[in-house]
Amino acid sequence: MQLGGAELFHRVVPVAPVRPQGGGRRRYGDREVLAAVPFVATSGCTWRQTPEVFGPSWSTVFRRFTEWSQVRVRAKLHRLVLDELGARGDLDWSRCAIDSVNVRTLKKGDLTGPNPVDQGKFGSKIHLITDRTDLPLSVGISGANLHDSQALEPLVRGIPPIRSRRGPRRGRPAKLYADTAHDNRHLRQWLRSRHITPRIGRKGIESSERLGRHRWTIERTMSWFAGCRRLHRRYERKADHFLAFAGIAATLICYRRLAR
């Protein structure tokens with residue numbers, strides 16, 4: 001049975017605190033806030049521009065978003081959606097790909113740094129691993145000055161054990177494709193130690209066209225991430241908030257596939 005987005009969300013959202021009898025205003029339900037947060041993520045508007053039609057004020061939406069970011073609700077929801085896709089047999093572990101995209105920051109904050117390819121302007125990177133069908137399995141962020149090769153290990157470790165249609169949970173791809181930025185002997189050995197076959201481009205040997213035959217899927221996923229306009233620029237000082245928006249984009253991509 002396919003579950004709705006609201007039902008999946010209520011599995012991971014923390015229980016609302018109980019107020020003393022007669023104290024304060026009525027707390028807005030999580031469902032109303034749940035509708036407002038993806039709107040901010042996809043439209044790119046500021047928190048103050050949150051339409052009143054959703055019900056709660058912008059400050060309530062922002063406060064609830066902060067609470068959910070602290071307890072990693074976005075990561076738990078992403079995993080639940082991946083579990084549903086895995087149980088349905090919609091994940092292809094035969095080949096995965098890793099890549100990153102640079103995002104300029106408007107404010108300095110956690111996990112930001114000078115971008116060597118953008119005249120030293122401060123920015124962040126969104127790192128991503130997708131399966132063969134371009135579904136995001138693991139998402140992370142870093143400063144723009146972090147070399148892509150340093151993000152591979154934590155990103156692979158970040159793939160959760162996901163349900164399978166048959167057999168035990170799975171959290172490792174058979175092969176991992178990466179560009180020449182990851183051309184490192186240590187990374188190849190580390191992947192093999194985890195029973196993952198590395199398919200990493202070798203500098204001066206393999207052309208980008210040859211790699212593109214297998215890595216075009218992740219490029220398409222990155223273009224889908226661009227549909228989350230809040231990721232075009234990083235407005236958040238706190239890394240948890242920016243990571244939450246990246247996680248929302250990944251969850252929306254996966255849920256659209258689930259809802260087909």
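Modeller: Exposure terms come first: buried means under 20% relative accessible area, exposed means over 50%, and partly exposed lies in between (1.4 Å probe, protein chains only). This is a predicted model: local features need pLDDT of at least 70, side-chain atom pairs count only at pLDDT 80 or more, and totals for chains, interfaces and linings use all residues. Residues are numbered from 1 along each chain as its sequence is written, and side-chain values use heavy atoms, without hydrogens and water.

Colleague: Where is Arg72, and what is its phi?

Modeller: Arg72 lies in the loop between helix H3 (58-70) and helix H4 (73-87). Its phi is positive, about 60°, although Arg72 is not a glycine. Arg72 is partly exposed, at 45%.

Colleague: Which residues of helix H6 are buried?

Modeller: Helices here are DSSP runs (H or I, at least four residues) and strands likewise (E, at least two), numbered from the N terminus. An α-helix has 3.6 residues a turn, so residues three or four places apart point the same way. In H6 (residues 185-193), Leu187, Arg188, Trp190 and Leu191 are buried. They cover an arc of only 165° around the axis, so they lie on the same side of H6. The arc is that of the directions from the helix axis to the C-beta atoms.

Colleague: What is on the other side of H6?

Modeller: Arg185 and Arg192 are exposed there.
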